Amino acid sequence: MDIKERYFNKLRSENMRLTRSRKAMIEVLENQHLTFKELQRALAKRGLYNVSTIYNNLDFFIKQKIVVEIYINDTKYYDLAMGNPMHSADSHIHVMIRDTNEITEVNSPDIFEYISNHPSMKHLDLDHIRITISAQKKKDI
Ligand SMILES: [Zn+2]
């Protein structure tokens, strides 16, 4: 089963409405991080132009932890959170390669475990840990 089918099933199984625009949003966000503008443009190509529907669906997806908002270099991106083999809503490491504006993901649960178990977190209930790394490619010498 591919990733988007898993999302569709989650919506179906929890009796949430899987509308055409919700379906399209999941398809468009699969395997990429998009700003609102980029998301809007991708949906327009599919004939979905209603901005308030996009906002409402995003709001809904974020509450359901289906989509997360991430900030990289002051820009907000939307990212699928659930069932993504690279991360969940609670564990995110994103690397922004500045040369190309490319966003890649790192999957390393031990880093999150290390932080969660750190003595300074002992009295805290963590909502989420999100890590953003800004980098540039090493130049060959
Ligand atoms: Zn991501």
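**Loops, helices and core: reasons for the labels**

Modeller: N31 lies in the loop between α2 and α3. The model is a predicted one.

Biologist: Why is N31 called exposed?

Modeller: Within 10 Å of N31 there are 10 other C-beta atoms. A residue is exposed if that count is 12 or fewer, so N31 is exposed.

Biologist: What makes K65 partly exposed?

Modeller: K65 has 14 C-beta neighbours inside 10 Å. Exposed residues have 12 or fewer and buried ones 20 or more; K65 falls in between and therefore counts as partly exposed. Its place is the loop between α4 and β1.

Biologist: What is said of the backbone at K65?

Modeller: K65 is not a glycine, yet its phi is positive, at about 60 degrees. This residue comes just after α4.

Biologist: How do you know whether N101 is buried or exposed?

Modeller: The count for N101 is 10 other C-beta atoms within 10 Å. The limit for an exposed residue is 12 or fewer, so N101 is exposed.

Biologist: How do you know whether helix α4 has the span expected of it?

Modeller: Helix α4 covers residues 51-63, which is 13 residues. The expected span is 1.5 Å times one less than that number of residues. For α4 the expectation is 18 Å, and the helix reaches 18 Å from its first C-alpha to its last, so the span is close to the one expected.

Biologist: How do α2 and α3 pack?

Modeller: Helix α2 (residues 20-29) and helix α3 (residues 36-44) pack at an angle of about 120 degrees, their axes 10 Å apart. Their crossing is right-handed. On the α2 side the contact is made by A24, M25 and V28, and on the α3 side by L39, A42 and L43.

Biologist: What makes these contact residues nonpolar?

Modeller: Ala, Val, Leu and Met are among the types that count as nonpolar. The contact of α2 with α3 therefore has six nonpolar residues, no polar and no charged ones. In soluble globular proteins, nonpolar side chains tend to be buried together.

Biologist: Which residues have the most contacts inside the largest nonpolar core?

Modeller: They are L29, I66, V67 and L80, in a core of 15 residues. At least two core residues come from each of α2, α3, β1 (67-72) and β2 (75-80). Helix α2 gives the largest share, four residues.

Biologist: What does L29 touch beyond its neighbours within four places in sequence?

Modeller: L29 is in contact with L34, V67, Y78, D79 and L80. These are called contacts because the C-beta atoms of each pair lie within 7 Å.

Biologist: Why is P119 called exposed?

Modeller: P119 has 6 C-beta neighbours inside 10 Å. With 12 or fewer as the limit, P119 is therefore exposed. P119 lies in the loop between α5 (109-116) and β5 (129-135). The C-alpha atoms of P119 and A135, 16 residues apart along the chain, are separated by 29 Å.

Biologist: What makes H118 exposed?

Modeller: H118, also in the loop between α5 and β5, has 10 other C-beta atoms within 10 Å. The limit is again 12 or fewer, so H118 is exposed. From H118 to A44, 74 residues apart along the chain, the C-alpha separation is 45 Å.

Biologist: How many helices and strands does the protein chain have?

Modeller: There are five helices and five strands. From the N terminus on, the order is α-α-α-α-β-β-β-β-α-β.

Biologist: What share of the protein chain counts as buried?

Modeller: Of its 141 residues, 17% count as buried; the cut-off is 20 or more other C-beta atoms within 10 Å. The C-alpha atoms fill a box of roughly 45 × 45 × 30 Å along the principal axes.

How values were computed:
Residues numbered from 1 in each chain as written. Predicted model: local features only at pLDDT ≥ 70, side-chain atom pairs only at ≥ 80, totals over all residues. Axes fitted to C-alpha atoms, helices over the stretch in contact; angles between N-to-C directions. Left-handed = near helix turned anticlockwise from the far one by under 90°. Contact = placed C-beta atoms within 7 Å. Core = buried A, V, L, I, M, F, W, Y, C linked by C-beta atoms within 7 Å.
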